[in-house]
Amino acid sequence: MQNHRKLTLFRFHELAARLRGRLYPDRAPVELAVFAAPGRISFDEARRGAYRPAKLGETLGPRWSTHWFRVDLQVPREWKGREVHLLWDTRSEGCVWEEGEALQGLTGACGPAWMETKEALRPEFPLTARAAGGERRTLYIEVACNTLFGWEGEPVHSQVGLLAQAEIACFDRDLWELYWDFMTVADMAQHLPEASPRAGEALRVANAMANAFEADDRATWARVREIAAEFLAARNASGQHNVTAMGHAHIDTAWLWPLAETRRKCVRTFSTALRFMDEDPDYRFVCSQAQQFAWIKEGHPKLWERLKRRVAEGRFMPAGGTWIEPDCNLPSGESLVRQFLHGQRFFRREFGITCGEFWNPDVFGYSGALPQILRAGGIRFFLTQKLSWNQFNKPANHTFLWEGIDGSRVLTHFPPADTYNGVASVKDLVFNVSNFKDHERGRESCYLYGHGDGGGGPTRGMLASLRRMKDLEGLPRVEHRTPAEFFRRCEADLRDPRVWVGELYFELHRGTYTSQAGIKRNNRRAEGALHDAECLAALALARAGAPYPSEALDRAWKLVLLNQFHDILPGSSIREVYRDSEEQFLQVFAATDAARAAGLNALLPPADGRPAGLATVNTLSHAREEVVELPEGCPSTQIGRDGRPLGIACAPSMGWAALDASRTPATATTVRDEGDHLVLENAWTTARFTRGGALVSLRDRVLGREAIAKGAEANRFVLFEDEPHNWDAWEVDAYHLEKPRPVAPAREWRVVEKGPLRAALRFDYAVGAKSRLTVVASLDAVSRRLEFACEADWRERHEFLKVEFPVEARAPNATYEIQFGHLQRPTHFNTTWDLARFEVCAHRWADFSEPGFGVALLNDSKYGHAVHGHVMRLSLLRGPMQPDPEADQGAHRFRYALLTHGGDFRAAGVVQEAAAFNAPLLVVPTSVAPKEQSFFSVDRASVVVDTVKRAEDSDDLVLRLVESHGARGLVRMTSPLSVTRAVRCNLLEDEEAELKWESGGVTLEMGPFQIVTLKLGIMR
């Protein structure tokens, strides 16, 4: 070793390269023919294609195209008794097919991993372990002209689609085993602590192996392996750290490739995993996302049957319990429930498995509502690693108890290798142990390995490496286990766990609350549309025996859940993904419109001619009074700005009432020009605007309080320079706040509604270099909300548009709605933890209050929020250019509102106001004179009947109640329906306890933020 460690390590590196270069000593050509497919077609279609001769060196294209190769091969007779592989590299992704069955994925020299290694990731397909010599075989290879990571950022010199290699070769199994012996010892010499005895021993042994090896003298190879064997035979003491290894691929359901390509990535990845299980009896592979399993079942029956057999053996391991790996910031609470409902039901139905762990390693933060949802969905454990990326504050623990806003707890583990794409190397395992932050509390951790994001999973080299590191002195003890086995061991081993309370906020990717505003609007609309469709269809089933559109709503829900994948809804995918999403949401809205119409028709028979009356239908669980648009031709005291008559409507909780179109308000809403100011006023509120659109006063007439800070302008639009340090669509950095550019005052204004039911002002703005914004500010006669309806033609790039409201209040925290509840976040930057939350996610409302007075900011489709000092901000639009250069360009519509109140947001009914703002009352012409009817009501304002639906497996009704204030107490829910049975169940609708239904209702004790799911039998 000449006492020179660095030089010796360099020697090891060079020897390893020479060993790799000799693994295939003899090669032979194959006969190739290629068919340029018209798209992503089936094997049967491909086999019938028009093939032409192909040769090495030609380049396939264009991007995203598909090419099928017919590969005719014959093993030379002189190769008898030798192991033979097919070697294939088109600098892209591929899959080997034979007799209609996908056998294994192939990954060429392309993508980020190739940039590091300059080698194909998975070029080999073993043909035979012992050739007969002379045998012939015909294979088909489906080539996808893209890399593991699509085309995003792909360097020109990578030559995607180049037919660089197509041949058969003899594989030297003896040299392969020697190579991995050497790599394990040499890597321990490099990556163990340099001063440790085992590192020194590894350096000596690897050097001795190098000295003993003679490439052309196979007789020396046995001696080399003998030297290694003595070193590799040393075992760990009983106190060593234990690592559970799991093969993994983390296939992003869409990202830098469209959904259609993900289907093929699943085929390539799953077929590879199954083939490795044939080769290695210890290998186990974990896969989340029921949707991906469903795609295999739907399109690849042979692969599906092979997969099911391995699942039954406990080797191909479904995990997570969700339909896809969802974003956990943006979806509603009910959407998260449905992720588990549909995911767990699929795994139960197909495999007889209920997942016990939530598996979501790559998501941009985790809501404080999740622990309760997990526990009620049959899940006690949670795994992620994403918070290891945190910008300012790294997690203090890798294994801990996570406590949600209601007090529910789940055992949580962050794999300490800080990746879900491990390469099964000595370096990874050494870091896994040294980085683990809970040695004083436990000895168990999890390690995920395999090429991920774009799929692929582990390689044969990774498996060879892990076999040698299984129980090797100097490294942690490593063993393949299932997620359930790992968490059982972890739970039994853990001592005195620390507890983290509240959200797991991710200190990066805050731009995902705003990017791709179109899908965020569609998501909010779809969640509301499904809520209404299910509610009305369920009531029609219960009251009129109408058929419930289970199949259509099931499909609609699954499309929404699919689009809540953590790179689709957050806005971080390519343009093709959002084209697909637009089409899928159109299908969702068609299904919900049809279900809603059918439900209404069954409940309130439609009028064939002149209606006998108008009904106002309310799908929310609190009584409401609102200004609504009426059918054309109705008598009215006001015509609205869109030419439709307006009226005042009332409706009870989850029911309907007759609408009197001639009703007038007790106090009219007015608009007036006072020279310097334009004034909107109703019984509760006076709002003063400049002619440029700035809100300079918002006075609560009941409380006598001014809401806008003295001398400030609210409803002020501000552009911020949006040049993040990395991850364009994902990121917004704190320094963007240092460069605000207020949008110039409105160029034009006009009165568009004069009252008495609604008064409104319109302001037209030029924004930035090329964009336009129209804002209509309005007050209704029966509402405390000052509403703003906006239409934008957005053409800016790398600009961030927000609207600001300086408030005359002071508080160290603001309150934000999350799924099934709310939480507080700081309004200051005292600590790095506070600074990290300079942009946060909220759903329908945020509230900034001091004792006795506050202001709530409501919205209908936005998620990015901030309150700094006394300034409330709502994030509206961004203009990132990567990975979608057209992100957010074009037309947008959105609404927000201000609501002043006394007391805190609870007493002011902010939760109900925000729900109503997102779900306008329905006006229904009917052939019968409607009588007031409420189907479900609760006697406690903090409790919301969030969902009414048909049960999954019967015609019972399922109701989901949520305590929304963080308070404890009794609540009574009543209904006029003939309830024969009331059962408490979990989120999967498994029955748990019979309840006493008496006098038309049931009494429940509910804790803070508690979710209660009821199943009601109904006599029809």
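Some ground rules come before the tour. Residues are numbered from 1 along each chain as its sequence is written, and side-chain values use heavy atoms, leaving out hydrogens and water. Since the model is predicted, local features need pLDDT of at least 70 and side-chain atom pairs count only at pLDDT 80 or more, while totals for chains, interfaces and linings use all residues.

Let's start with two helices. Helices here are DSSP runs of H or I with at least four residues, strands are runs of E with at least two, and both are numbered from the N terminus. H1 (residues 5-21) packs against H4 (residues 173-191) at an angle of about 160°, and their axes are 10 Å apart. Axes are lines fitted to C-alpha atoms, for helices over the stretch in contact, and angles run from 0 to 180 degrees between N-to-C directions. That angle makes H1 roughly antiparallel to H4 (the label applies over 145 degrees). Contact means heavy atoms within 4.5 Å, and the residues making it include Leu9 and Phe12 of H1 along with Tyr179 and Phe182 of H4.

Next up is aspartate 280, in the loop between helix H7 (259-279) and strand S12 (285-287). With 6% relative accessibility, aspartate 280 counts as buried (buried means under 20% relative accessible area, using a 1.4 Å probe and protein chains only). Leaving aside neighbours within four places in sequence, aspartate 280 is in contact with Arg315, Leu463 and Arg467.

Methionine 469 belongs to helix H13 (residues 460-469). Its relative accessibility is 0%, so methionine 469 is buried too. Not counting residues up to four places away in sequence, its contacts include Thr184, Ala424 and Pro476. Alanine 424 is 45 residues apart from methionine 469 along the chain, and their C-alpha atoms are separated by 9.2 Å.

Most residues other than glycine have a negative phi, and most peptide bonds are trans.

Proline 62 sits in the loop between strands S3 (52-53) and S4 (66-74). Histidine 250 is in the loop between strand S11 (242-248) and H7, and counts as buried at 4% relative accessibility. Glutamate 989 is also buried, with a relative accessible area of 7%.

Terms used: Angles under 35 degrees count as roughly parallel, over 145 as roughly antiparallel, 65 to 115 as roughly perpendicular and the rest as oblique. Buried means under 20% relative accessible area, exposed over 50%, partly exposed in between (1.4 Å probe, protein chains only).
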